[in-house]
Amino acid sequence: MGTDVFNKVEKINSELFTLTYGALVTQLIKDYEDIEQVNIKLEQMGYNIGIRLIEEFLAKSNIGRCADFMETAEVIAKVGFKMFLGVTATVIDQDPDKREFHLILDDNPLIDFVELPEQYKHKLYYSNILCGVIRGALEMVQMKVKCTFMKCTLSDETSSDIKVVLEEVLSDMIPVGYD
């Protein structure tokens with residue numbers, strides 16, 4: 001019975017977050033009126049969340065440093081999305097240099113209860129906050145990436161697709177005294 005209560009609370013929190021997020025996006029559309037500016041603002045907000053969320057992720061997941069960018073992709077898809085959104089993503093690796101991957105979300109909880117008006121379907125990246133979260137979190141672990149929403153089920157696609165490209169591995173700054 002105790003676990004059942006926690007599952008109900010988690011489901012209510014998830015639904016509340018989804019509805020609150022929808023209100024946030026609606027307010028941004030009213031404030032900026034330019035959908036491209038809304039997309040940029042959502043990504044910036046996600047970035048700010050990502051640079052703070054990585055600490056919680058590392059503390060709770062007990063995952064050490066990933067061996068390479070593709071292992072990082074799997075950790076994001078299987079652990080990160082599960083921990084914070086309750087879903088997993090599929091990693092599609094189309095880059096032979098292992099510097100790019102796509103995260104495919106068949107189930108995106110941010111878009112529950114959402115139906116976009118026709119004028120926004122192919123312009124608004126409703127879940128663009130996820131790109132910012134990924135970019136911010138990876139930057140905190142020394143990976144500069146470009147993260148782009150490629151497809152969204154709100155735009156009549158079958159799944160959501162986020163493209164992540166490794167632009168640079170930032171220099172590891174080891175504090176004095178840590179060898």
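Read along the sequence, the protein follows the pattern α-α-α-β-β-α-β-β. That gives four helices and four strands, taken as DSSP runs numbered from the N terminus (helices are H or I, at least four residues; strands are E, at least two). This is a predicted model: local features need pLDDT of at least 70, side-chain atom pairs count only at pLDDT 80 or more, and totals for chains, interfaces and linings use all residues. Residues are numbered from 1 along each chain as its sequence is written, and side-chain values use heavy atoms, with hydrogens and water left out.

**Overall packing**

- Of the 179 residues in the protein, 40% are buried. Buried means under 20% relative accessible area, exposed over 50%, and partly exposed in between (1.4 Å probe, protein chains only).
- Among contacts with a separation of 6 or more, 58% come from residues 24 or more positions apart. Contact means heavy atoms within 4.5 Å.

- The four strands form an open sheet in the order 1-2-4-3, with antiparallel pairing. Two strands pair if DSSP finds at least two bridges between them.
- Strand 1 (90–92) and strand 3 (143–151) are the edge strands, and each pairs on one side only.
- From one strand to the next, the twist averages 25 degrees. Axes are lines fitted to C-alpha atoms, for helices over the stretch in contact, and angles run from 0 to 180 degrees between N-to-C directions.
- Strand 1 and strand 2 run antiparallel and are joined by three bridges. V91 has L103 in strand 2 as its bridge partner.
- Strand 2 and strand 4 also run antiparallel, joined by six bridges. Here L103 stands opposite I162 in strand 4.
- Strand 3 and strand 4 (residues 160–169) pair in the antiparallel sense over eight bridges. F149 has I162 in strand 4 as its bridge partner.

**Strand 2**

- Strand 2 (100–105) is mostly covered, with six of its six residues buried.
- In a regular strand the side chains alternate between the two faces of the sheet.
- E100, H102 and I104 point one way from strand 2, while F101, L103 and L105 point the other way. All of these residues are buried.

**Helices on the sheet**

- Helix 3 (residues 69–85) lies across strand 1, strand 2, strand 3 and strand 4. It runs at about 15 degrees to strand 2.
- Helix 4 (residues 129–140) lies across strand 2, strand 3 and strand 4. It runs at about 165 degrees to strand 3.

**Loop residues with positive phi**

- N62 lies in the loop between helix 2 (35–61) and helix 3. Its phi is positive, about 55 degrees, although N62 is not a glycine.
- N62 counts as exposed because its relative accessible area is 68%.
- K98 lies in the loop between strand 1 and strand 2. Its phi is positive too, about 60 degrees, although K98 is not a glycine.
- K98 counts as partly exposed because its relative accessible area is 44%.

**Buried loop residues**

- K121 sits in the loop between strand 2 and helix 4. It has a relative accessible area of 14%, so K121 is buried.
- Not counting residues up to four places away in sequence, K121 touches L116, L154, S155 and D156.
- S159 sits in the loop between strand 3 and strand 4. Its relative accessibility is 11%, so S159 counts as buried.
- Leaving aside neighbours within four places in sequence, S159 is in contact with I104, L105, D106, K151, C152 and T153.

**Second largest pocket**

- The second largest pocket holds about 170 Å³ of space. Grid points are joined across faces, edges and corners, and a volume is the space filled by probe spheres set on the points.
- A pocket is found on a 1 Å grid over the protein atoms alone, as an open set of points where a 1.4 Å probe fits, with protein on both sides within 12 Å along at least five of seven lines.
- The second largest pocket is lined by 13 residues, of which V25, T26, I29, L116 and P117 lie nearest its centre. Lining residues have an atom within 4 Å of a point.
- By class, this lining has nine nonpolar, two polar and two charged residues. Ala, Val, Leu, Ile, Met, Phe, Trp, Tyr, Cys and Pro count as nonpolar, Asp, Glu, Lys and Arg as charged, and the others, Gly among them, as polar.
- L116 lines this pocket and is also among the residues that K121 touches.
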